[in-house]
Amino acid sequence: MKTLVVLLPCLITFLYCSSVPVTGRKQLDLVPQSQLLALSAEQYKQFLDSSKVIKGTPEAQMVERVAGNIELAVKKYFDYQKMSSRLDGYSWESNLIEDSSANAFAMPGGKTVIFTGILPLTENETGLAVVMGHEIAHAVANHGSERMSQLLLVQLGGMVLSDALNKQPEITRQLAMVAFGVGTQVGVLLPYSRLQEAEADRLGLIFMAMAGYDPRAAIPFWQRMSQRDRVNIPEFLSTHPSNDARINNISNQLPEAMGYFKGRKEMQ
Ligand SMILES: [Zn+2]
């Protein structure tokens, strides 16, 4: 029995494994894309229904414009990587909501939410592209799906999503909210794992650069977040990953992204 408990996760990892687009890292996948996108769309709608969505203001238009530009960049990048099928079933959408938290999140299927509270920190359209690029990178690198798979493994013994939804619908929906980063307490405020954050930073810089936004804006943006965190976020939440380590990491990732910004990379 003990052996089984030890072996089961390894076996599940072996049977249900896919790779992160672009970086090629192997990730646990207990969640078929079609079910994942359906669950994500349902939760996105619920979140918007319970939020104050802002439409038609210059800020709301900016959010839609940046999301549209990053979406085009992502499609171009995936096309170039011959991975366009990974975006099948996506239904891209972005909304600005009235909420003073300095937060944002993106869900599987390309659905993003920007909170008005983060706009003073993004300062302008390029700063918003830093956040949008980062959050959309989490979505297209399947980080929500990976986190959902890990939660299914730990909380429900590795049940695949369809079984979990049938047998434990309430718990499964709650796990999905956490996995997808839905709500005011997660998103930017409660990061993914260090590895996933580094991946999202790297891809986000490339996507924003391809969309025509200067990726060097990421450094001052995360410095402003860091400044704010020192004042507002409890120590236990602010340290993972540390903003200094992130800024350092982004400095190392910038030369790659600048290649896309200056259009030197051959994308045909
Ligand atoms: Zn993140």
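This is a predicted model: local features need pLDDT of at least 70, side-chain atom pairs count only at pLDDT 80 or more; totals for chains, interfaces and linings use all residues.
Local features are given only where pLDDT is at least 70 and side-chain atom pairs only at pLDDT 80 or more, whereas totals for chains, interfaces and linings use all residues. Residues are numbered from 1 along each chain as its sequence is written, and side-chain values rest on heavy atoms, with hydrogens and water left out.

H134 and H138 are four residues apart in helix 5 (residues 125–140), so about one helical turn separates them. Helices (H or I, at least four residues) are DSSP runs, numbered from the N terminus. Both H134 and H138 are buried, where buried means under 20% relative accessible area, exposed over 50% and partly exposed in between (1.4 Å probe, protein chains only).

The structure holds seven aromatic pairs. Rings of Phe, Tyr and Trp (its six-membered ring) pair if their centres lie within 6.5 Å; planes under 30 degrees apart count as stacked, over 60 as edge-to-face and the rest as tilted. Y77 and F207 form an edge-to-face pair, at 5.7 Å centre to centre and with 75 degrees between the planes. This pair links distant parts of the chain, since Y77 lies in helix 3 (residues 58–80) and F207 in helix 9 (residues 194–210), 130 residues apart. Y77 counts as buried because its relative accessibility is 2%, and F207 counts as buried at 0%. Y90 and W92 form a tilted pair, 5.4 Å centre to centre with 45 degrees between the planes, and both residues are buried. Ring pairs also join F47, F105 and F115 into a cluster.

A search of the whole structure finds 11 salt bridges, each a side-chain nitrogen of Lys or Arg within 4 Å of a carboxyl oxygen of Asp or Glu. One of them joins E42 and R173, at 2.7 Å from N to O. E42 belongs to helix 2 (residues 33–49) and R173 to helix 8 (residues 169–180), so that the bridge links parts of the chain 131 residues apart. Both side chains are partly exposed, E42 with a relative accessible area of 29% and R173 at 27%.

Other salt bridges lie within a single helix. D49 and K45 meet at 3.0 Å, N to O, and lie four residues apart in helix 2, about one turn of the helix. D49 is exposed at 56% relative accessibility, as is K45 at 52%. In helix 3, K75 and E71 are likewise four residues apart, and their closest N and O atoms are 2.6 Å apart. K75 is partly exposed at 36%, whereas E71 is buried at 18%. Salt bridges that share partners join E197, D201 and R246 into one network.

Key:
Helices (H or I, at least four residues) and strands (E, at least two) are DSSP runs, numbered from the N terminus.
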